Amino acid sequence: MTRRHGYALLTAIVALIVVVSAALCAGGASGTGRLAAAPTPGRAPGHSAAPASSGTWVATWAASPAAAEPGTETTGMANRSVRNVVHTSVAGTSARITLSNLYGHSPLRITHASIAVAAGDATAAAVTRTMRRLTFAGAFSVVVPSGGQVMSDSVSIAVPQGGDVLVTLYSPTASGPVTYHPLARQISYVARGDRTEDVTGAPYTEQTAVWRWLSALDVLSDEADGAVVVLGDSITDGITSTVGADRRWPDVLSGRLRAAVEEGRDVPRYSVVNEGISGNQVLADGLGRPADNPSGLNRFGRDVLERTGVKVVVIDLGVNDILRNPGRADPESITGGLRTLVTRAHAHGLRVVGATLMPFGGHRGYTPAREAVRRQVNAEIRDGQVFDAVVDFDRALRDPHDPRRLRAAYDSGDHLHPSDLGYRTMAEAFELDLLKGAGQAQL
């Protein structure tokens, strides 16, 4: 072989190594257990990516894709900017989002997406210097397949602790039905046309009480070592809490945990994210394909195991399995389903804290037979036969004179869901030390 041919061969080998290394790096960037975004035209300039920084990637907010939004079957949200307002649990120096098209019957095309810090409470306006355009695999546009989800690239932004963040998405084409989370207890906004990077909020004249397409917000944080994921029903979803006030019990728990860390207490540095769906059950799915309101068993992998940085899962499910059963619900089936969730969590090294089921005496679904099932389930939970640790919401909120009912001050009025004070009492009943430790290998 001549020297010239040897140099040519060496050059070719080096070029091959560079190409393979670049491909591996690109693949590693999307190695999240989620479907990677398909590259599309209109690639972003290099400065849009977040610079290298220290910290841990954790979920700071999440909401489960719960159903297909009625009325969006044919047009979706075509030619409208959807500005989702979400409340953070911990701060971060970089951020990324996850989008879901779980219920869409056709691919969802997002051509413009942004993230910014809200200028205040109850506003679509952004803090000007915080507006950032989001990219997906380096491109401004992304196509989310029907039934799929994608994660954005990370972007440098100072995300506040316990503040509101605006995530705005624009799709120029019809794609329905829209995947959404109803009963958000938070006002978000919609504008006509592409107003994705508008900071004034003026074009956002339409208010909405749901979250669309957005299922998670992660941050690179130096104040959190992991995340607590709360899997629950309407009580976790905060269905009767004050809109826009962030008074769901996981919100209050997050505040307590943050305050304890700031006080120097020996508690885990965790974010808290809410994966409650109103009407959710341990065992049964809702109607449709894919099912609206998927059961805890169905959605556990997506909503818990895939959440970034998850260390602990808190499970508050079972009441709807009792109330929505036309006959007499089987307490062993309910606790068996809960044990299955615990087994799956332990397989991933997660600790599981479970909640007792609160009373619903006076609710339209109350019967003595259903009350008996609730007490049987609670007896199993308290006996340590289901979870690694237990938070006794039943004992904290029940009426001491009539334990079949919520105490009046904690009752929203429907005799099932707590008031704001009731939600706060739930969070205050949660011993923070319960969050310590890894999941047991077996119970």
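1. Helices H4 and H6 are roughly parallel to each other, since their axes cross at roughly 30° (under 35 degrees counts as roughly parallel, over 145 as roughly antiparallel, 65 to 115 as roughly perpendicular and the rest as oblique). H4 spans residues 296-305, and the axes of H4 and H6 come within 10 Å (axes are lines fitted to C-alpha atoms over the stretch in contact, with angles from 0 to 180 degrees between N-to-C directions). H4 passes H6 in a right-handed crossing (near helix turned clockwise from the far one by less than a right angle). On H4 the contact uses Gly-296, Leu-297, Phe-300, Gly-301 and Leu-305; on H6 it uses Gly-337, Thr-340, Leu-341, Arg-344 and Ala-345 (contact: heavy atoms within 4.5 Å). These residues divide into 5 nonpolar, 4 polar and 1 charged, with Gly counted as polar.

2. The model is predicted: local features need pLDDT of at least 70 and side-chain atom pairs pLDDT 80 or more, while totals for chains, interfaces and linings use all residues. Residues are numbered from 1 along each chain as its sequence is written, and side-chain values use heavy atoms, leaving out hydrogens and water.

3. H6 (residues 331-346) also packs against H7 (residues 368-382), at an angle of about 40° and with the axes 9 Å apart. The pair is therefore oblique, and H6 passes H7 in a right-handed crossing. H6 contributes Pro-331, Glu-332, Ile-334, Thr-335, Leu-338 and Arg-339, and H7 contributes Val-373, Gln-376, Val-377, Glu-380 and Ile-381. The contact holds 6 nonpolar, 2 polar and 3 charged residues.

4. The largest nonpolar core has 38 residues (buried Ala, Val, Leu, Ile, Met, Phe, Trp, Tyr and Cys joined through side-chain atoms within 4.5 Å). Ile-97, Leu-99, Ile-110, Ile-115, Leu-169, Trp-213 and Leu-217 touch the most other members. Not counting residues up to four places away in sequence, the residues that Leu-217 touches include Val-58, Trp-61, Val-86, Ile-97, Ile-115 and Val-165. A second, separate core of 32 residues includes Ala-62, Val-319, Leu-323 and Ala-345; Ala-345 is also one of the H6 residues in contact with H4.

5. In helix H9 (residues 420-428), Asp-420, Gly-422, Tyr-423, Thr-425, Met-426 and Ala-427 are buried (under 20% relative accessible area, 1.4 Å probe, protein chains only; exposed is over 50%, partly exposed in between). Their cover includes helices H2 (234-237), H3 (249-262) and H8 (393-397) and strand E19 (310-316).

6. Overall, the protein has 9 helices and 23 strands (DSSP runs numbered from the N terminus: H or I of at least four residues, E of at least two). Of its 443 residues, 54% count as buried. Among contacts with a separation of 6 or more, 81% join residues 24 or more positions apart.
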